[in-house]
Amino acid sequence: MATRTELSDFLADVERRAFKQAMFAVRNEETALDLVQDAMLKLAEKYGERPAQEFPMLFQRILQNVIRDHYRRQKVRSLWTTLLSSFSGNDGEDSDPLETLQVDDEANPIKTPHETLERSQVLAVIENEIKNLPPRQREAFLMRYWEEMDIAETAAAMGCSEGSVKTHCFRATQTLATALKAKGIKL
């Protein structure tokens, strides 16, 4: 059984990564914040009594379900918006305010403004390419390499087999490597 402190520490630790994951999925800052908050509340309300080691897998599953639910609701709203759009003007402005990744690396500090700019540009390109991955590949990639979940945990969170996780991750890394190589980025 997890204590309130363990649950609170877990949520504080996962908050930023979950926000970025939701941003990749929905491409809207306010919506991403709402989805992460919903996922955190559901974890606390329904699974807060579970052992702390189960939190990462449970939270990932809840977050993915909340994102899928958002898309289902959005589909219904889009239908009505499309039907009623002839009665009102279209603002049509879509923003993508992804913040740049900030990685604290004391062993290899960035020394010059040029290096800082170069690093932020490379991270922006990587974020953009991750955004362009198919949803299941992006989901598997982020869980395995961002959340550092093992294959079994990722498969359980995604509701698929371990082989599917491996395939999605392989395809995602190949697609990212090809896209980055085409842009002249070597990692």
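Helices here are DSSP runs of H or I with at least four residues, strands are E runs of at least two, and both are numbered from the N terminus. By that count the chain has seven helices and zero strands, so the element order from the N terminus simply reads α-α-α-α-α-α-α. This is a predicted model, in which local features need pLDDT of at least 70 and side-chain atom pairs count only at pLDDT 80 or more, while totals for chains, interfaces and linings use all residues. Residues are numbered from 1 along each chain as its sequence is written, and side-chain values use heavy atoms, with hydrogens and water left out.

On to the chain totals. Of its 187 residues, 32% come out as buried (under 20% relative accessible area, with exposed meaning over 50% and partly exposed in between; 1.4 Å probe, protein chains only). The chain exposes about 12200 Å², and carbon and sulfur atoms supply 52% of that (Shrake-Rupley method, 1.4 Å probe). Taking contacts (heavy atoms within 4.5 Å) with a separation of 6 or more, 69% link residues 24 or more positions apart.

A pair of packed helices is described by the angle between the axes and the distance between them. Helix α5 (residues 135-146) packs against helix α6 (residues 151-158) at about 140°, with the axes 10 Å apart; axes are lines fitted to C-alpha atoms, for helices over the stretch in contact, and angles run from 0 to 180 degrees between N-to-C directions. The two helices are therefore oblique to each other, given that under 35 degrees is roughly parallel, over 145 roughly antiparallel, 65 to 115 roughly perpendicular and the rest oblique. On the α5 side the contact is made by Arg136, Glu139, Ala140, Met143 and Arg144, and on the α6 side by Ile151, Thr154, Ala157 and Met158. Sorted by type, these residues give five nonpolar, one polar and three charged (nonpolar: Ala, Val, Leu, Ile, Met, Phe, Trp, Tyr, Cys and Pro; charged: Asp, Glu, Lys and Arg; polar: the others, Gly among them).

Gln60 sits in helix α3 (residues 55-84) and is buried, at a relative accessible area of 1%. Leaving aside residues up to four places away in sequence, Gln60 touches Gln21, Met143, Glu147, Met149 and Ala157. Val125, in helix α4 (residues 113-131), counts as partly exposed because its relative accessibility is 23%. Val125 and Leu180 are 55 residues apart in sequence, yet 7.8 Å apart in space, C-alpha to C-alpha.
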